[in-house]
Structures are given as structure tokens and as C-alpha cells.
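Q: I have a model open and would like to go through it slowly. Could you start with the terms I need?

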Amino acid sequence: MTQDAERKMQFIFGIRSKGVTDTHVLTAMERIDRGQFVTGVFAARAYEDVPLPIACGQTISQPSVVGLMTQALKISPRDKVLEVGTGSGYQAAILSQLARRVYTVERHRPLVKQAAETFQKLNLSNITPILADGCHGLPDQAPFDRIIVTAAAEDPPSTLLSQLKPGGIMVIPVGQSDHVQHLIRVTRTDAGFDYDELRSVRFVPLVEGLEKER
Ligand code: SAH
């Protein structure tokens, strides 16, 4: 086996051992090369199950957490998905393999630009990256079948909940930024919202408004 194939196998094996068992999610993670989303000095560590720094002081999430969040969303091939917090674009790329259409919003312009270039390079044409404050969701494209927030909020924002279709699912880390946060899955039912707690996680905070440009 080549060194590259061996590294890929270890990567998937590691994710699996952390509880990602959905074969569609594992296949998506096998197809999308995380190395394309990490640049500079950290590129060499792209296949380790750790979060890594990206531009604008943000982070690309830990692969096993990306897998668990994706799995928790229970995506169907016809789904329209909103991601809040594009970051490197890695999570959006995984979603693009499972859903019909992915809208991903980010408050840092350089990250949107970089992610858009990566999506183009990898031919991921069903992802639309947008510079926007995800606290307001994406009213033009709402409602969504699935919403994933990859930054921590103190509570699930009510605007986002209102942009979820009946039967829709949202996955979001909830808690203060420098504390342990809980990954929550919210399901919209005819009667209201059902909540279940998945595990503890650590994410950068959801920040209101676009980042000021210098
Ligand atoms: N999903 C990313 C990880 C993102 S880190 C990946 O796969 O790489 C969280 C991101 O959320 C950061 O880039 C941060 O700038 C962004 N973010 C925080 N608050 C936001 C908001 N209100 N609207 C849009 N993006 C936001």
C-alpha cells in the first residue's frame, strides 16, 4: 500500500473508532481530502484527528466531530442544507456529498473567498458560499431541511429555528465559548421542537455581525 493510501485508511479508521458508523458519511469523508482545506505549516497534520488553526483566527474542526455532526443530521439526498460558519469549507464539502444543495455562510470575507476557490477547484458545484451573519440565517433560501452551526451559541438562535422545515433537524454546539459546550440536536415537530444532547464539544463562538474590514 502506498503511504498516501495507508494514511487515508488510518484517517477513516480513526473517525470510525470515535463512533462515526454511517457508511454514507464515511464514504463522503473518504472522498473529500482534508489536506485541501488546511494550508501552511499545519498542512502536514491534516490527517490527524485534531482541530487545526486556519486564517482569521478560526479553526477547522476535528474530523471525528465533523463526522458525528454530519451523522446526527441524518441527511437525505434531496435535502437543502444551511451551514453557519464556513471556516475552511471542509464541513460544507462533506455535506455536499450527501445533500442536494448546501448554502454556507461565514462572517469573515477572506474565509469565504478561500473556501469558494477550494470548492471550485474540487468541482463541488452544489455549494453556495455567502458572506453573511449566520445569526440571521439565510431568509432568501429558507426554509431548510437541515441546519448545522459550527460555532457555539449560548442558545439555539430562534431565527435559525424558524428557518427549519417541519421534520427538519438542526445540530448546534450550545454553551459559552471558553467552557465545555454541548452538541444539541433539535428536531422540528408539528407540535414544536424536540431536543437531544449528543456529547460535549469545543467550538469558537458564534459572533454577531460581519467582521470589520481594514
Ligand atoms: N465548519 C468549519 C469550521 C468553522 S469554525 C470548517 O469546516 O472548517 C467557525 C466559523 O464560524 C468561523 O470561521 C467563524 O468566523 C464563523 N462564524 C462565527 N460567527 C458567525 C456568524 N454569526 N455568521 C457566520 N459565520 C460565523
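A: Helices (H or I, at least four residues) and strands (E, at least two) are DSSP runs, numbered from the N terminus. This is a predicted model, where local features need pLDDT of at least 70 and side-chain atom pairs count only at pLDDT 80 or more, while totals for chains, interfaces and linings use all residues. Residues are numbered from 1 along each chain as its sequence is written, and side-chain values use heavy atoms, with hydrogens and water left out.

Q: Okay, which elements each supply at least two residues of the shell around the ligand?

A: Those are β2 (59-60), α4 (90-96) and β4 (101-106).

Q: And which residues come nearest to the ligand?

A: Of the 27 residues around the ligand, the nearest are Ser88, Glu106, Asp133, Gly134 and Val207, where being near means having a heavy atom within 4 Å.

Q: What does the side chain of Asp133 do there?

A: An N or O atom in the side chain of Asp133 lies 2.8 Å from a nitrogen atom of the ligand, which falls under polar contacts, pairs of N or O atoms within 3.5 Å (within protein, one must be able to donate a hydrogen and the other to accept it, and residues adjacent in sequence count only if both atoms are side-chain atoms). A polar side-chain atom of Thr150 is 3.1 Å from a ligand nitrogen atom.

Q: Switching topic, is Arg34 buried or exposed?

A: Arg34 is buried (under 20% relative accessible area, whereas exposed is over 50% and partly exposed in between, with a 1.4 Å probe and protein chains only), because its relative accessible area is 0%.

Q: What does its side chain reach?

A: The side chain of Arg34 reaches the backbone oxygen of Ala46 at 2.8 Å.
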